[in-house]
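This report goes through a structure sheet by sheet and helix by helix, and then turns to the contact between its chains. Please keep the sequence and the 3D view at hand while reading.

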Amino acid sequence: MSEFLTDLQHYSFLQNALLTGVLASVACGIIGTYVIVRRISYIADGIAHTVLGGMGAALYLNRVCHWQGLVPLHGALVAAIIAAVIIGLVSLRAKQREDTVISALWAVGMATGIMFISQTPGYNEDLMGYLFGNILMVSTRDLWMLGGLDAVIVVAGLLFYNQFLAVCFDQEFAVLRGLRVEVFYLLLLGLAALTVVLLSTVVGIVMVVAMLTLPIGIAALFSRSLWGMMIVSTILCAVFTTSGLAISYGPDYPAGATTIILAGAAYLVCITLKWAFGRFRN
Amino acid sequence: MAHLTNPLAIYMEDLWFSYGSNPVLEDVNIAIPQGDFVSVVGPNGGGKTTLLKLMLGLLKPSRGLTRVLGEIPEKARIRIGYMPQHSQLDPEFPATVMDVALMGRLGHGGFLGRYSKEDKEIAISSIELVGLQDFRKKPFSAISGGQRQRLFIARALACEPEILLLDEPTANLDVVMEGDLYDLLQTLNQRLTIIMVSHDLGFVSSIVKSVICVKRKVLSHPTSEITGKIINDIYGSPMRIIRHNGERNCTCQNS
């Protein structure tokens with residue numbers, strides 16, 4: 001741990017990693033809260049995994065077909081838009097088939113990604129990179145991108161707070177009050193997709209899924225209001241990424257996996273404690 | 001033509017509705033004047049909630065006409081306060097009692113959905129009307145089923161509606177709260193139309209002005225006409241009316 005603290009003062013890659021965790025926490029805390037209370041976390045997960053197909057295709061086209069300038073981010077963006085549009089339309093029009101469609105996109109997206117990556121010359125550890133990311137290799141450009149994402153999400157999240165709250169709580173009632181519910185639902189899905197895309201290229205797909213679920217799941221156990229849940233989620237997210245980084249640094253564990261296991265363990269402990277207290281009180 | 005100056009609260013003509021090939025409502029013809037207090041009764045699955053949702057324009061009839069306060073439901077529904085049936089909403093949702101009541105103020109203008117000071121005052125007085133003033137800052141997850149029900153009535157009142165549509169408002173209330181609710185509704189009825197789905201005919205005669213019976217077909221009666229014969233027709237099984245002193249607690253049971 002002391003090694004982490006001394007190195008943090010000297011190495012910019014470590015400072016970038018720390019900052020990445022904090023910036024990602026803001027986006028995950030806000031979007032994750034909306035996603036969880038609207039009960040569409042499986043949609044975010046579905047989009048996240050479909051993204052691998054796009055990233056693999058972009059990598060293949062770049063390396064094998066020499067499409068210069070095409071980076072995995074572009075592929076991720078295209079795949080996420082396709083996935084979000086398909087899922088969004090299906091969930092608004094034909095509710096009962098939603099989960100099947102998401103599972104299909106999830107599986108086919110990942111398979112496509114793996115297929116492309118296997119046919120791409122170069123290091124095969126790329127696949128692990130896409131799944132778990134490498135928070136220690138974040139560039140300054142990535143940081144600016146994350147900062148921009150945070151700005152978009154904070155502005156949209158604050159501006160439409162009351163509408164999002166109403167749509168997430170009781171969609172039917174929101175319709176009756178004259179709210180354009182479909183617009184806000186698709187906006188929410190779009191923001192979730194954007195978060196997933198940008199974060200998955202920086203910290204990895206599995207890390208995004210974990211950060212959109214675990215800290216928010218803990219915050220949900222103790223939150224009395226939506227904005228309170230956002231703040232607690234953001235703080236927890238930042239605590240987990242930072243401590244994950246610190247713990248993994250010395251023994252050279254993978255940082256992403258350490259963070260996820262840490263957050264997962266905390267989630268388990270909190271759920272158990274809440275259950276135990278509930279029983280104790282009765 | 002007199003309807004133009006003072007239109008009916010609800011008018012339905014030759015209305016049919018089916019889910020797929022399942023007919024739910026047939027040949028509905030009703031006219032509810034403003035200021036009425038209507039109880040909608042009928043067996044489970046008889047189409048009571050469907051009828052309410054047709055009034056709100058949440059469902060589209062396969063044919064027929066609906067007018068709410070002289071307008072199509074989609075236009076008029078902003079003037080309706082709706083309390084859904086004890087609901088499928090997430091009981092763990094992180095929102096306070098005040099947050100939920102404020103949702104009734106959505107759609108009353110206001111830039112980007114911000115709530116004004118007036119909105120907050122209206123929400124607070126609605127919460128007081130249903131007797132939840134001590135719970136205003138409590139989380140939604142921490143209040144009881146009956147309190148939630150009253151909160152949804154408060155949310156409907158916060159809409160400042162001209163018509164109040166309540167879907168089984170008494171489902172989770174104990175006898176005392178039920179009595180309080182009827183007193184409140186009776187007071188509110190002095191200034192607005194109330195249409196309420198009820199699973200029991202219990203209080204019908206004492207405060208309700210007319211009854212709509214829904215069992216695929218829809219029949220309206222003034223309360224005074226309700227007899228055992230009609231009740232038997234609605235529920236399809238022999239029913240017994242038990243009248244207690246004061247009639248307030250008159251109930252129907254399967255015999």
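## The three-stranded sheet of chain B

In chain B, 3 strands form an open sheet in the order 2-1-4, with antiparallel pairing, where strands count as paired if DSSP finds at least two bridges between them. Strand 2 (22-32) and strand 4 (63-68) of chain B are the edge strands, each pairing on one side only, and from one strand to the next the twist averages 25°. Helices (H or I, at least four residues) and strands (E, at least two) are DSSP runs numbered from the N terminus. Angles run from 0 to 180 degrees between N-to-C directions, with axes taken as lines fitted to C-alpha atoms, for helices over the stretch in contact.

Strand 1 (residues 10-19) of chain B pairs with strand 4 of chain B in the antiparallel sense over 5 bridges, and Ile10(B) stands opposite Val68(B) in strand 4 of chain B. Helix 2 (residues 48-56) of chain B packs on this sheet and touches strand 1, strand 2 and strand 4 of chain B, its direction making about 120° with that of strand 1 of chain B; residues are in contact if their C-beta atoms, placed from the backbone, lie within 7 Å.

## Model and confidence

This is a predicted model, in which local features need pLDDT of at least 70 and side-chain atom pairs count only at pLDDT 80 or more, while totals for chains, interfaces and linings use all residues. Residues are numbered from 1 along each chain as its sequence is written, and chains are lettered from A and ligands numbered from 1 in the order in which they are written.

Chain A averages a pLDDT of 86, and 96% of its residues score at least 70; pLDDT is the predictor's confidence in each residue, from 0 to 100. Where pLDDT is low, the predicted coordinates should not be read in detail.

## The six-stranded sheet of chain B

A second topic is the open sheet of 6 strands in chain B, which has the order 5-6-7-3-8-9 and mixed pairing. Strand 5 (80-83) and strand 9 (217-222) of chain B stand at the edges with a single partner strand each, so one side of each is left without a neighbour in the sheet. Neighbouring strands of this sheet are turned by 15° against each other on average, direction ignored.

Strand 6 (residues 163-167) and strand 7 (residues 193-197) of chain B pair in the parallel sense over 5 bridges, and Leu166(B) has Met196(B) in strand 7 of chain B as its bridge partner. Helix 6 (residues 145-158) of chain B lies across strand 5 and strand 6 of chain B, running at about 170° to strand 5 of chain B.

## Helix packing in chain A

The axes of helix 4 (residues 72-93) and helix 5 (residues 98-118) of chain A come within 9 Å and cross at roughly 165°. That makes helix 4 of chain A roughly antiparallel to helix 5 of chain A, a term that applies to angles over 145 degrees.

## Contact between the chains

In the contact between the chains, 23 residues of chain A meet 19 residues of chain B. Helix 8 (161-169), helix 9 (171-176) and helix 12 (226-249) of chain A each supply at least two residues of the side of chain A that touches chain B, and helix 8 of chain A gives the most, with 5 residues.

Notes. Contact = placed C-beta atoms within 7 Å. Parallel < 35°, antiparallel > 145°, perpendicular 65-115°, else oblique.
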